[in-house]
Amino acid sequence: MDDLEGLVRRQLYRMQGFSEDVARVRAREVSEDGAIAVEVDGNGALRNLEFSGDISRMSPEEFERVLVDTANAAAQQAFARLSELITDFNGERSEQVGG
């Protein structure tokens with residue numbers, strides 16, 4: 001019974017650690033021209049947005065394209081990091097179950 005209790009406790013700590021790691025995922029991307037910087041969390045939600053004075057030289061269409069492209073690049077980075085965390089977590093889980 002003590003072994004089972006210990007296993008459950010370790011699994012609970014692992015889940016808590018995984019949840020904390022996921023909550024800390026952030027990705028930041030800056031446009032090629034440096035005019036726009038976007039930071040997102042692991043869900044791809046916007047956390048921070050910065051503009052330089054260079055945006056004043058952009059057309060509305062260019063601004064929109066650069067903003068969307070930069071935000072998309074940041075989200076892709078965040079999703080890649082999240083995917084790594086999930087893969088690592090699942091790998092540890094199968095090692096514990098199998099071993």
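**Figure 1. Radius of gyration and overall extent of the protein.** In this predicted model, the radius of gyration is 20 Å, whereas a compact globule of 99 residues would have a value near 13 Å. The C-alpha trace spans about 70 × 20 × 15 Å along the principal axes of the protein.

**Figure 2. Secondary structure of the protein.** Two helices and three strands are present.

**Figure 3. Pairing of strands S2 and S3.** Strand S2 comprises residues 36-41 and strand S3 comprises residues 46-51. The two strands pair in the antiparallel sense, and the pairing extends over five bridges. Within this arrangement, Val 38 stands opposite Leu 49, a residue of S3.

**Figure 4. Turn of the S2–S3 hairpin.** S2 and S3 form a hairpin, with four residues lying between the two strands. The turn contains Gly 44, for which phi is positive, at about 85°.

Figure 5. Of the 99 residues in the protein, 22% are buried. Where contacts join residues at least 6 apart in sequence, 48% of these contacts are between residues at least 24 apart. The protein exposes about 6900 Å², of which carbon and sulfur atoms supply 51%.

**Figure 6. Positive and negative charges of the protein.** The protein carries 11 positive and 20 negative charges. The mean position of the positive charges and that of the negative charges are 5 Å apart.

Notes: Residues are numbered from 1 along each chain as its sequence is written. This is a predicted model: local features need pLDDT of at least 70, side-chain atom pairs count only at pLDDT 80 or more; totals for chains, interfaces and linings use all residues. Side-chain values use heavy atoms; hydrogens and water are left out. The radius of gyration is taken over C-alpha atoms; the globule rule is 2.2 Å times the number of residues to the power 0.38. Buried means under 20% relative accessible area, exposed over 50%, partly exposed in between (1.4 Å probe, protein chains only). Contact means heavy atoms within 4.5 Å. Accessible areas come from the Shrake-Rupley method with a 1.4 Å probe; for residues, only the protein chains shown count as cover. Lys and Arg count as positive and Asp and Glu as negative; His and the chain ends are not counted. The place of a charge is taken as NZ of Lys, CZ of Arg, CG of Asp or CD of Glu. Two strands pair if DSSP finds at least two bridges between them.
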